[in-house]
Amino acid sequence: MTRELIEQIIGMMEKVRSKKPLIHHITNYVTVNDCANIVLAIGASPIMADDIDEVETITSISSALVINIGTLSRRTIESMIAAGKKANELGIPVVLDPVGAGASSLRNQTTERILSEVKVTVLRGNMSEIRFTAGLKADTKGVEVSEADQRIGAGEGSKVAQDVARRLGCVVAITGPTDIITDGDRTIYIENGTRHMSNVTGTGCMCSSLVGSFCGAMDDTSGGPLIAAASGVLVMGLSGELAYEASKHLGYGSFRTTIIDAVSKLDGETLAAKARIYEAGFGIS
Amino acid sequence: MTRELIEQIIGMMEKVRSKKPLIHHITNYVTVNDCANIVLAIGASPIMADDIDEVETITSISSALVINIGTLSRRTIESMIAAGKKANELGIPVVLDPVGAGASSLRNQTTERILSEVKVTVLRGNMSEIRFTAGLKADTKGVEVSEADQRIGAGEGSKVAQDVARRLGCVVAITGPTDIITDGDRTIYIENGTRHMSNVTGTGCMCSSLVGSFCGAMDDTSGGPLIAAASGVLVMGLSGELAYEASKHLGYGSFRTTIIDAVSKLDGETLAAKARIYEAGFGIS
Amino acid sequence: MTRELIEQIIGMMEKVRSKKPLIHHITNYVTVNDCANIVLAIGASPIMADDIDEVETITSISSALVINIGTLSRRTIESMIAAGKKANELGIPVVLDPVGAGASSLRNQTTERILSEVKVTVLRGNMSEIRFTAGLKADTKGVEVSEADQRIGAGEGSKVAQDVARRLGCVVAITGPTDIITDGDRTIYIENGTRHMSNVTGTGCMCSSLVGSFCGAMDDTSGGPLIAAASGVLVMGLSGELAYEASKHLGYGSFRTTIIDAVSKLDGETLAAKARIYEAGFGIS
């Protein structure tokens with residue numbers, strides 16, 4: 001099963017590189033450059049546009065839409081909704097990254113509003129953010145996962161993810177020590193990555209942008225959003241792991257640089273050799 | 001002729017480094033940090049300011065204005081117009097980068113509005129963007145040049161550039177496999193650079209910022225905006241080429257870093273040795 | 001005395017790393033990514049949020065607030081004031097970086113308004129910016145210190161800083177060839193850093209973010225905002241110095257990266273060995 005997953009993911013990487021899908025982002029200004037560069041590094045093409053006067057047009061020429069609420073404002077919230085609705089109308093996949101959900105009413109209400117007005121294809125966040133969208137009391141510490149939520153194991157975490165996925169009818173990806181990706185039915189676990197990734201800003205955002213890139217390359221043979229989401233999460237974790245090994249003697253500035261390096265150099269052989277991915281009900285790889 | 005061009009460009013580099021001109025940017029939030037750093041790397045000084053309540057003042061203390069519509073919004077469009085008019089009033093050169101022209105009505109209308117209300121000194125874009133401003137049917141793929149437009153040769157491309165330059169009375173710089181810089185009369189071609197530059201976000205924006213830096217250092221002996229634009233385009237292409245050689249074994253994260261490195265280390269000797277620049281009607285260097 | 005200062009600063013570094021304080025930033029979009037990454041590198045946690053609908057909430061869950069007017073706008077000015085007032089109400093320290101004060105009426109008026117409506121804990125800027133807030137005629141060249149102001153020595157500079165500190169009842173930190181940090185009574189000088197730091201955008205902003213990180217870790221045993229400010233300024237200068245040594249053969253792109261590297265790797269032993277810090281009235285270290 002793991003072997004089949006890995007082959008599907010390698011196939012998705014090839015699709016991204018050959019199709020070069022355009023990925024519309026309405027995202028935050030903190031990590032936007034890294035998001036653009038990681039989208040280019042995996043082989044897709046980013047476009048960032050947030051004005052209400054053009055977001056529908058830009059979404060309509062794109063292959064996927066990534067909505068990231070990291071530095072949301074009254075102005076851009078309306079753009080997120082308009083773009084999301086246009087994407088739904090045209091059957092374009094939507095990735096939502098509810099950055100900091102739980103940290104303020106504005107983030108909470110915006111997350112709820114997007115989820116009620118827009119049909120989201122993949123919801124990606126940390127345990128605190130996804131627990132919040134599940135209506136559970138989530139601790140939060142700004143935009144980072146809380147320590148309590150960080151300690152939630154894969155078992156309890158997967159129940160949270162599955163509940164949200166079933167309720168919203170979407171794929172949910174919780175990234176953390178063990179990443180959990182589920183459509184409410186099938187659940188995939190990934191154990192790549194390193195805890196040091198939380199010491200570089202934007203590794204969560206970049207993961208969502210990779211998920212968007214893979215969603216933009218989906219076709220009839222690609223296994224749907226579950227596999228697209230797992231592809232993004234695996235590429236991010238594995239690249240982070242390789243990048244940390246390459247830069248740990250240097251420091252976190254170099255780590256940031258080598259993450260993009262690793263994504264741009266990642267090949268199927270390395271991915272197959274180093275992926276730690278398994279599906280619930282099947283043995284670990 | 002090539003030798004004279006190269007000497008003029010080396011002279012421009014010295015002028016930038018000795019004058020350290022202040023370059024006002026109203027630009028996008030995706031690549032703004034790279035634009036600021038490349039302006040510093042060539043020896044000029046960047047200031048980013050986009051609020052309508054200060055853009056005229058900031059332009060008036062600057063030596064050049066760079067308008068980049070990469071993440072335009074209703075708010076900043078008015079600032080671009082106001083700053084552009086102030087620059088015209090004071091005789092300060094204006095560089096326009098019509099990022100994504102052709103991709104949405106908002107970008108199209110904004111480009112047309114700026115070009116009709118502001119006298120632009122240098123218009124720099126890719127073939128799709130400049131073809132759009134020429135009123136030609138341009139393919140577009142978001143903010144990247146379309147594949148069809150990418151295949152347009154230097155001959156046809158230079159006609160497009162010359163037509164736009166004559167109509168607008170400005171210098172037009174189209175960057176691509178062969179860069180074309182023209183004032184409608186003289187046309188300069190540059191063949192430095194590498195296709196890999198399109199795999200790092202902002203190489204177009206950075207090129208426009210370099211053009212702005214050179215425009216800000218113009219004086220009576222510097223050959224005017226044609227030479228300033230050629231200087232920016234040549235420094236960008238050559239630095240990209242050197243940077244790619246230095247980083248290709250590492251990946252695109254390192255490539256981004258080494259582009260700024262290369263600009264900061266570029267000297268006249270290297271430029272003279274590696275520039276592939278020629279003027280229409282003269283032999284290639 | 002120097003030894004005691006260094007021990008206090010090393011103690012502050014340990015407090016930041018153990019408490020991991022959340023640092024709310026309302027800052028500019030040019031250097032925001034570097035600010036987030038340097039906050040992570042020193043061991044604190046950044047959150048960037050600027051919408052009026054959430055800034056008070058975000059401040060209230062944070063341990064310090066950093067206000068940076070680098071790309072101020074009508075919209076964010078109101079957010080700065082609201083967040084600052086909330087911080088005052090809750091006893092949360094506020095760091096103000098008046099980027100480009102002196103360059104436009106908007107920056108001047110905003111700086112004055114913040115200083116009159118918000119009780120600032122630490123005011124950090126270059127000599128031109130602080131001279132402006134002192135009501136002195138300051139030269140300015142955009143967001144950089146003017147050449148005339150750069151030549152002002154530590155003696156005259158410390159009088160300016162002390163006057164402002166006494167008038168505003170806050171700590172003032174002027175960074176330059178010799179950094180001056182004063183609460184109007186005690187004055188600390190730091191001679192680390194390199195002039196090359198002005199060739200990378202955001203070294204001033206990053207310094208303010210470090211000061212904010214140390215302010216967020218203050219407690220009864222930490223020596224108050226004077227020591228917190230000195231800690232941020234020393235860590236920035238020393239890291240810049242180490243980073244320049246590590247990258248000078250490469251260029252300014254690598255310099256930017258190695259600044260974050262150096263902060264993330266800085267330990268007490270290196271700090272004690274290389275700090276050039278002394279207090280007025282005591283011998284130099």
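**Entry 1: strands in chain B**

I looked up B:Ile188 and found that its bridge partner in β9(B) is B:Glu279. Strand names here are DSSP runs numbered from the N terminus, with at least two residues (E) for a strand and at least four (H or I) for a helix. The model is predicted: local features need pLDDT of at least 70 and side-chain atom pairs count only at pLDDT 80 or more, while totals for chains, interfaces and linings use all residues. Residues are numbered from 1 along each chain as its sequence is written, chains are lettered from A and ligands numbered from 1 in the order in which they are written.

β9(B) covers residues 277–279 and runs antiparallel to β8(B), joined to it by 3 bridges. I count two strands as paired if DSSP finds at least two bridges between them. β8(B) also pairs with β7(B), residues 179–182, in the antiparallel sense over 4 bridges. There B:Asp179 stands opposite B:Ile190. I then checked the turn: β7(B) and β8(B) form a hairpin with 4 residues between them, and B:Gly184 in that turn has a positive phi of about 95°.

Next I checked the two faces of β8(B), residues 187–190. In a regular strand the side chains alternate between the two faces of the sheet. B:Thr187 and B:Tyr189 on one side are buried, and so are B:Ile188 and B:Ile190 on the other. Buried means that 20 or more other C-beta atoms, placed from the backbone, lie within 10 Å of the residue's own.

**Entry 2: chains A and B**

The copies use different surfaces, since 11% of the contact residues of chain A recur in chain B.

I take residues as in contact if their C-beta atoms, placed from the backbone, lie within 7 Å. Chains A and B each put 28 residues into their contact. On the side of chain A, α11(A) gives the most, with 8 residues. That side divides into 15 nonpolar, 7 polar and 6 charged residues. Nonpolar covers Ala, Val, Leu, Ile, Met, Phe, Trp, Tyr, Cys and Pro, charged covers Asp, Glu, Lys and Arg, and the others, Gly among them, are polar.

How values were computed: Contact = placed C-beta atoms within 7 Å. Buried ≥ 20, exposed ≤ 12 C-beta atoms within 10 Å, placed from the backbone.
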